Amino acid sequence: MSVAGPEAEARQRRWLTLPAVAVITLFGVLPLVIVVVYSLLRSAPYGGVEWTFSTDAYVSFLYQKDIFDDTLQFHADYLLIYGRSLAFSVVTTFVCLILGFPTAYFIATRPVATRQIWLLLVTIPFWSNLLIRTLAIMLLIRDDGLVNNGLMWLGVIDTPFVMIFTDFAIVLGLFYSFLPFMVLPLFSSLEKLDFRLVEAGFDLYANRFQVLTRIILPIARPGIVAGCLLVFIPCIGAYVTPLILGGGKHLMIGSLIAEQFGSARNWPMGAAQALILMAGVLVALWFYGRNARRGVAHAR
Amino acid sequence: MTGRVLKLAAGLALMLGATPAMAKGELHIYNWGDYTNPKLIEKFEKLYDVKVTVDDYDSNETMLAKVRAGNTGYDIVVPSDYTVKIMIADGMLAETKPNTMSNFKNMIPRFVNVYWDEGRNYTVPWQYGITTYAVNTDKYKGPADSISLLFAPPPELKGRINMLEDMNSVIHAAERFVGVPRCSADKADLKKVNDALMAAKPFWRTISYDTSTKMASGDVDVTQTWNGMGHRMRVANPAVRFVFTKEVMEAFMDNVAVLKDAKNIENAKLFQNFMMEPENAALASEFAGYDNGITGSHKFLPEEFANAPEINPPASATTEFVPPCPPAVVETYNKIWTNLLK
């Protein structure tokens with residue numbers, strides 16, 4: 001081992017990043033460039049693209065020739081679909097946070113040995129495929145599923161309570177799929193919580209609410225932000241869950257994009273939709289960056 | 001964070017790019033799901049000493065998008081009629097000349113000069129069928145003989161209907177309901193279609209390809225579906241009835257086609273010829289539940305299937321194959337469809 005100065009060491013490190021950079025360029029940046037290029041082309045009649053420049057895909061996101069009189073008009077169809085996805089994602093993230101926080105707190109306050117068991121329990125659902133878990137939910141909540149039959153047997157309800165193929169079913173499915181993504185980062189934040197700080201808070205006559213909002217939440221903030229992002233981002237592009245539990249009657253962004261590459265035969269549109277979604281996600285990440293920094297400042 | 005996302009994307013790209021190694025004596029088939037009789041494949045493997053793999057897709061569009069992306073490794077695909085037309089026009093299929101093959105004489109004459117492959121220079125029939133709907137007669141006792149049951153159902157069927165997640169099938173059904181021609185570019189016609197769809201949407205519980213499960217589980221009592229699927233539903237539950245409507249019905253034919261970039265083109269040709277043998281066509285039908293386009297295959301079918309109501313439409317029934325609509329009409333269809341599902 002040669003003893004290298006700080007500069008040589010930095011150079012060495014730069015070489016070490018080369019494989020990672022190459023992989024990211026080849027499989028991350030290049031495909032993205034293709035998506036950008038495709039979004040700026042014209043769609044070929046039966047799928048695929050024609051190599052002529054066009055911003056149609058972006059213009060038609062907000063403006064379309066009226067179906068019936070050919071005038072270019074503002075239309076909100078796509079915005080509605082994006083709005084629905086956004087709303088479902090926000091609700092799911094919120095519910096995950098509300099239920100995930102106490103769970104993570106509970107786990108973080110167990111003795112170290114039992115913590116591992118609780119964490120294992122949280123991750124067990126990942127041992128089976130998302131599709132299978134989603135289909136299992138479907139079996140639970142359908143009209144003659146376990147939940148309805150159970151409630152009817154108990155005499156709580158007389159006729160099945162319609163849950164499957166509704167917005168409720170979609171949010172339930174998303175919540176169930178992504179809850180662990182909330183619990184795990186929250187846990188890793190709360191694990192570092194020094195309980196002497198909580199004690200000190202009580203010693204200084206803070207009540208329970210003040211201890212929660214002034215001490216615990218600021219320390220857990222990076223975990224909250226990370227958890228929210230890890231739930232929100234996959235939610236907004238979710239494809240399988242809305243398709244199966246929503247009954248296919250209400251499009252979400254994922255299905256909308258798939259549709260463009262399928263029977264709509266409009267690849268540029270699909271590419272543009274995907275980029276618009278990505279832009280949205282990047283904005284969310286930017287907020288994350290800002291809030292995470294502020295979180296550190298708070299904790300200090 | 002971005003790094004993580006990129007890494008994930010890189011992993012996916014690696015997986016999608018991987019293709020199986022090719023050797024002589026292989027045949028790779030890409031067919032609709034739950035549509036290929038394993039006995040048929042075994043027979044072909046033994047007969048020609050060829051290793052066959054079968055992968056499946058759920059719609060013409062899925063298959064088309066994959067083939068268009070290139071380098072699929074598949075030799076044979078089974079596109080429906082309008083998709084064959086598109087694939088020939090875009091130069092995706094190999095001109096294998098089935099019309100010169102030894103078993104070509106078995107093809108039913110009315111399936112030779114078809115709009116999607118005039119004179120059969122590219123494809124041979126796999127299965128053909130009809131798209132209307134099936135009714136669970138345990139749940140619904142009323143009359144069912146018209147496409148209007150899907151669009152203006154009686155009160156007890158409101159919210160108990162599944163439609164196919166298929167833009168073309170649903171919009172063509174609406175066109176038949178309001179009585180306008182298929183692929184009409186006339187604005188007034190399209191408006192009628194749009195209005196009929198929007199009015200019917202509240203009556204539909206789901207829009208899904210998964211028709212048999214939705215019927216079996218009792219999620220719906222009526223589903224738009226294909227006759228072969230209707231047959232399978234009736235076998236599972238005798239109360240299911242596949243309906244032949246008094247309006248003209250949508251016919252489709254799926255066809256065995258060879259991809260232009262097929263590596264095992266000779267084996268693929270053997271398979272096309274193999275599928276025109278009546279006994280083999282019967283094997284395919286027996287499993288999938290549809291009729292085939294081959295003369296003399298019925299005598300190889302189990303009797304109860306050969307006489308099944310689903311594959312023996314009444315003499316009064318009329319059907320039509322629908323060519324792909326012009327791009328301008330598809331664009332409007334797409335707007336109507338997005339508007340319907342927004």
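Reply: Two residues are in contact if their C-beta atoms, placed from the backbone, lie within 7 Å. The model is a predicted one.

Me: Leaving aside neighbours within four places in sequence, which residues is Val231(A) in contact with?

Reply: Val231(A) is listed with Phe178(A), Leu186(A), Cys235(A), Leu150(B) and Ala174(B) as touching the most other members of the largest nonpolar core, which has 100 residues. Neighbours within four places in sequence are left aside here. The contacts of Val231(A) are then Thr92(A), Thr93(A), Cys96(A), Phe178(A), Phe181(A) and Met182(A).

Me: Where do the buried residues of H7(B) fall, seen down its axis?

Reply: The buried residues of H7(B) are Leu190(B), Val193(B), Asn194(B), Ala196(B), Leu197(B) and Ala200(B). The face turned away from that buried side carries the exposed residues Ala188(B), Asp195(B) and Ala199(B). Seen down the axis of H7(B), the buried residues fall within an arc of 160°, so they line one face of the helix.

Me: How far apart are the end C-alpha atoms of helix H7 of chain B, and what span should its 14 residues have?

Reply: Helix H7 of chain B covers residues 187-200, and at 1.5 Å a residue its 14 residues should span 20 Å. The expected span agrees with the distance between the end C-alpha atoms, which is 20 Å.

Me: Which elements of chain B do the buried residues of H7(B) pack against?

Reply: The residues in question include Leu190(B) and Leu197(B). Their packing partners in chain B are helix H5 (148-151), helix H6 (167-178), strand S8 (204-207) and helix H13 (327-341).

Me: Which element gives the largest share of the side of chain A that touches chain B?

Reply: The contact takes 32 residues from chain A and 41 residues from chain B. On the side of chain A, helix H2 (18-39) and helix H4 (77-108) are the elements that give two or more residues. The largest share, 5 residues, comes from H2(A).

Me: How many residues of domain 1 of chain B are in contact with domain 2 of chain B?

Reply: The domain assignment gives domain 1 as 22-128 + 253-311 and domain 2 as 130-250 + 316-341. Their C-alpha centres lie 27 Å apart. Domain 2 of chain B puts 12 residues into the contact, and domain 1 of chain B puts in 14 residues.

Notes. Residues are numbered from 1 along each chain as its sequence is written. Chains are lettered from A and ligands numbered from 1 in the order in which they are written. This is a predicted model: local features need pLDDT of at least 70, side-chain atom pairs count only at pLDDT 80 or more; totals for chains, interfaces and linings use all residues. Helices (H or I, at least four residues) and strands (E, at least two) are DSSP runs, numbered from the N terminus. The expected span of a helix is 1.5 Å times one less than its number of residues. A residue is buried if 20 or more other C-beta atoms lie within 10 Å of its own, exposed if 12 or fewer, and partly exposed in between; C-beta atoms are placed from the backbone. The arc is that of the directions from the helix axis to the C-beta atoms. A nonpolar core is a set of buried Ala, Val, Leu, Ile, Met, Phe, Trp, Tyr and Cys residues joined through C-beta atoms within 7 Å. Domain bounds come from an automatic or database domain assignment.
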